[in-house]
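Q: Hi! Could you walk me through this model while I have it open? I'll jump around a bit, if that's okay.

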Amino acid sequence: MNIVELAPGIFHLQGGSNMGLVVREGRGLLIDAGLDEDAARRALRFAEREGVQLEAVFLTHAHADHHGGAYFLQRRLGVPLYAPALEAAMMEHPIIEPLFLFGGAAPIRELRQKFTMAQPCQIARVVDAGPLEVGPFRVEVVPLPGHALNQMGVAVDDVLFCADAVFPAETLEKHKLIFCADMDAAQETLERLPEMLYARFAPGHGPAYATGEEITAICRANRERLEQIRERVLAALTEPADTDTIIRRVADSFGLQVTTATAFFLARVTVLAALSSLERAGEARAAVEGNRLMWQKAV
Ligand SMILES: [Zn+2]
């Protein structure tokens, strides 16, 4: 774990999935809990080294790599967990993540492992956008929907922990089809993010970005990738196609090898997000023909 102090007492704990730790008056506020018990233990060890007790854990969104460690912190410390509505329900009922990936049916075993199904935890307080006081901490809860439907970042002073609103360049390069639940919301979030009045932006993966050119450039790269996915999905509709055919065409166009069912179901969400964006814009439509749901360009 690489620890970067972004501002006095505000730490970015960089690992597989990043976390944040804010230290005030001998108390600690943790942002996200990592994938599992091991990740949460690493954050806890750092907090103990800083001589702080955790006051609360803020969970940005209900993806297992961000809240998977929460059950351990709750069990070990009895620390209250804070999360946005909807995301909170998924954290308390983690079957929902593999359930939606698998189209609402009882998920296959592969989707029930820790990367897509966390241990359940109890959310003490469901948070809304706006200012929030937690012990000695005065934070601002900032809506960042798109990657997850009700993802929220949390700001302390001039640092915004911005969850998975923005992915680092390496992720854009490696994964191509970055996970996105609502493409229009994600684009709008990426448009707003560089305009927000924070000095540092600390995402859930990769390094932190400074205000100005750094955050602008990475938000632009993420926007361009989402736009590219949307364009390639539309280009895949030269003739009517079912969803699996579109996924294959788009993955092929990026030179992407999807090798596991989990990776396939994750890619499928992003392609469906693009199709639903196109449908809302009147550029594509779905119709059932010959017992197949077929997508085609709307003319
Ligand atoms: Zn995520």
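Q: Which residue does E55 form a salt bridge with?
A: E55 pairs with R27, and their closest N and O atoms are 2.6 Å apart. Bear in mind that this is a predicted model.

Q: Where do E55 and R27 sit in the chain?
A: E55 is in strand β5 and R27 is in strand β4 (residues 27-31), so the pair links distant parts of the chain, 28 residues apart.

Q: Okay, new topic. What are the domains of the chain?
A: The domain assignment gives domain 1 (2-226) and domain 2 (233-284). Their C-alpha centres lie 27 Å apart.

Q: How many residues of domain 1 are in contact with domain 2?
A: 19 residues of domain 1, and they touch 16 residues of domain 2. The two domains bury about 1600 Å² between them, with 68% of that on carbon and sulfur atoms. On the domain 1 side, L101, L177 and M183 lose the most area to domain 2, together 36% of what that side buries.

Q: And how many salt bridges are counted between domain 1 and domain 2?
A: Two.

Q: Which side chain does D182 meet in a salt bridge?
A: That of R280, at 3.7 Å from N to O. D182 lies in the loop between α6 and α7 (183-192), R280 in helix α10 (residues 261-280), 98 residues apart. Both are partly exposed, D182 with a relative accessible area of 23% and R280 with 47%. R280 also meets D184 in a salt bridge, at 2.8 Å from N to O.

Q: Nice. Which residues coordinate the zinc ion?
A: H61 (NE2), H63 (ND1), H147 (NE2) and D164 (OD), at 2.1 to 2.3 Å. H63 is in the loop between β5 (53-58) and α2 (64-67), and D164 is in the loop between β11 (159-163) and α6 (169-175), 101 residues apart. Both H63 and D164 are buried.

Q: Why is the arrangement around the zinc ion irregular?
A: The four donor atoms subtend angles of 85 to 175°, and a tetrahedral site would need all angles between 85 and 135 degrees.

Note on methods
Residues are numbered from 1 along each chain as its sequence is written. This is a predicted model: local features need pLDDT of at least 70, side-chain atom pairs count only at pLDDT 80 or more; totals for chains, interfaces and linings use all residues. Side-chain values use heavy atoms; hydrogens and water are left out. Donors are N, O and S atoms within 2.8 Å of the metal (3.2 Å for Na, K and Ca); water is not among the atoms, so sites may look incomplete. Four donors count as tetrahedral if all angles lie between 85 and 135 degrees; four count as square planar and six as octahedral if opposite donors are over 155 degrees apart and all others between 65 and 115; anything else is irregular. Helices (H or I, at least four residues) and strands (E, at least two) are DSSP runs, numbered from the N terminus. Buried means under 20% relative accessible area, exposed over 50%, partly exposed in between (1.4 Å probe, protein chains only). Domain bounds come from an automatic or database domain assignment. Contact means heavy atoms within 4.5 Å. Buried area is the accessible area (1.4 Å probe) that two parts lose on being put together, summed over both. A salt bridge is a side-chain nitrogen of Lys or Arg within 4 Å of a carboxyl oxygen of Asp or Glu.
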